[in-house]
Structures are given as C-alpha cells and as structure tokens.
Amino acid sequence: MPPKPELIRHDESALQRIRVLSHLLDNAIPIPGTSYRVGLDPVLGLLPVGGDVVGLVLSIYIVLEAIRFRLPRATLTRMLTNLLLDFTVGALPVVGDVMDFTWKSNARNLELLEAHVRNPHPQRAADRQFIILILVILVVFGIGFIVLMTWIVSLIWKLIGG
C-alpha cells in the first residue's frame, strides 16, 4: 500500500514501527499445520502478572504512536476499547488466555490506523483534551492493574505462609 502523498517521512517510519510491533505481538508465530498465527502477546499473557503488563505497555506504545496521525475521536476510542478489552479480559485466568490467542487488538488497531491513513477525506482530529483523557485512562488503568496484581500476589504469599 503506497502512503498518502502528504504522509511525511517521519509518519511513514512511525507507521512501519507500528506494523512491525503489531505483527510481532499478534501474528509473528505460525501454528504448525494451520494457517493461524499468534504473536508474543498471548505468550507473554501466560506469564503471571508481569506478562500482561509488558503486553499492555507495548500495546499502549502503538496507540501513542497512532495519536500522532491526528486520528478522529471515534477511531481513538475504538483503539482504546480494543486495547482495554484485550488487557482486561486477557488478565483473567484461562478465559484470558483463550482471549489472548484469538482477540488481536494490536492488529485491529493497525487496521484502524491504516484505514485512516488511506482515507482521502480529511476528518477532524481529536482535540488535545480528548488525547489527554486517553493518556490518563491508560496510565490509571495500568497503575490500577499493577496495584491489583501486587495486592493479589501479597495475599497469596500470606496464604502460603510467606
């Protein structure tokens, strides 16, 4: 797909970074004997606590890079919803592991970004306040998860007599 003429070189390299990271997180590993692929995100999700946090941080990076493309509110909201749904359900035992292998939020977010880049009709970009709100939600969500997981681990530690 050739980039839009007004897509500057910096945006092209950012888009390429997003493509590579999205592929790595969601589609890098072929499942032998099938056409299905998984990425590092579900593999990281198998690691207790820290794996989901690492996956979240990498997914947040994709959204932060995408913000620079002056996406409209609706697109940013869909990207944030994909990310938070992946992270929230993905953090649950068993159900989350299945979700991590099937719900590819980074690939979905890449599709949303590429659709915006291909769209020849200019759209009103999200305003600064909305972008700040998204960043605050991401930070609060990430901190909340870390606090919750720390509390759960400390409870488990106390229960086993540590």
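## Contacts of I29

Leaving aside neighbours within four places in sequence, I29 is in contact with Y36, R37, V38, G39, L40 and V43. The model in which these contacts occur is predicted. I29 belongs to strand β1, which covers residues 29-30.

The relative accessible area of I29 is 32%. I29 is therefore partly exposed, because buried would require a value under 20% and exposed a value over 50%. L110 lies 81 residues from I29 along the chain, and the C-alpha atoms of I29 and L110 are separated by 18 Å.

## The chain as a whole

Seven helices and two strands make up the secondary structure of the chain. Read from the N terminus, the order of elements is α-β-β-α-α-α-α-α-α. Along the principal axes, the C-alpha atoms fill a box of roughly 65 × 45 × 20 Å.

The chain has 162 residues, of which 40% count as buried. Its accessible surface is about 9,600 Å², and carbon and sulfur atoms account for 71% of that surface. Among contacts with a separation of 6 or more, 68% are between residues 24 or more positions apart.

Helix α3 spans residues 50-67, 18 residues in total. From its first C-alpha to its last, α3 reaches 26 Å, close to the 26 Å expected at 1.5 Å a residue. The buried residues of α3 are G51, D52, V53, G55, L56, S59, I60, I62, V63, E65, A66 and I67. An α-helix has 3.6 residues a turn, so residues three or four places apart point the same way. Among the buried residues of α3 are D52, G55, L56 and S59, and these four also line the largest cavity.

R70 lies in the loop between α3 and α4. Phi of R70 is near 55°, a positive value in a residue other than glycine. Most residues other than glycine have a negative phi. With a relative accessible area of 59%, R70 is exposed, because the cut-off for that class is over 50%.

## The cavity

Rolling a probe the size of a water molecule over the atoms shows where empty space is left. The structure holds one cavity of 30 Å³ or more, and the volume of the largest cavity is about 80 Å³. Its lining consists of D41, D52, G55, L56, S59, L83, D86, F87, G90, A91 and D100.

Helices α3 and α4 each supply at least two residues of this cavity lining. Sorted by class, the lining has four nonpolar, three polar and four charged residues.

## The largest pocket

The largest pocket has a volume of about 380 Å³. Its lining is made up of 20 residues, and D52, A91, L92, F145 and M149 lie nearest its centre. Of these, D52 and A91 are also among the residues that line the largest cavity.

Helices α4 (73-90) and α7 (128-159) each supply at least two residues of the pocket lining. The largest share, six residues, comes from α7. By class, the pocket lining has 14 nonpolar, four polar and two charged residues.

Technical notes
Residues numbered from 1 in each chain as written. Predicted model: local features only at pLDDT ≥ 70, side-chain atom pairs only at ≥ 80, totals over all residues. Heavy atoms only, no water. 1 Å grid on protein atoms, 1.4 Å probe; cavity = no way out; pocket = protein on both sides within 12 Å on 5 of 7 lines; lining within 4 Å. Points joined across faces, edges and corners; volume = space filled by probe spheres on them. Helix = DSSP H or I, 4+ residues; strand = E, 2+ residues; numbered from the N terminus. Nonpolar A, V, L, I, M, F, W, Y, C, P; charged D, E, K, R; others polar. Expected span 1.5 Å × (residues − 1). Buried < 20%, exposed > 50% of the residue type's maximum accessible area, 1.4 Å probe, protein only. Contact = heavy atoms within 4.5 Å. Areas by Shrake-Rupley, 256 points an atom, 1.4 Å probe, with all protein chains shown as cover.
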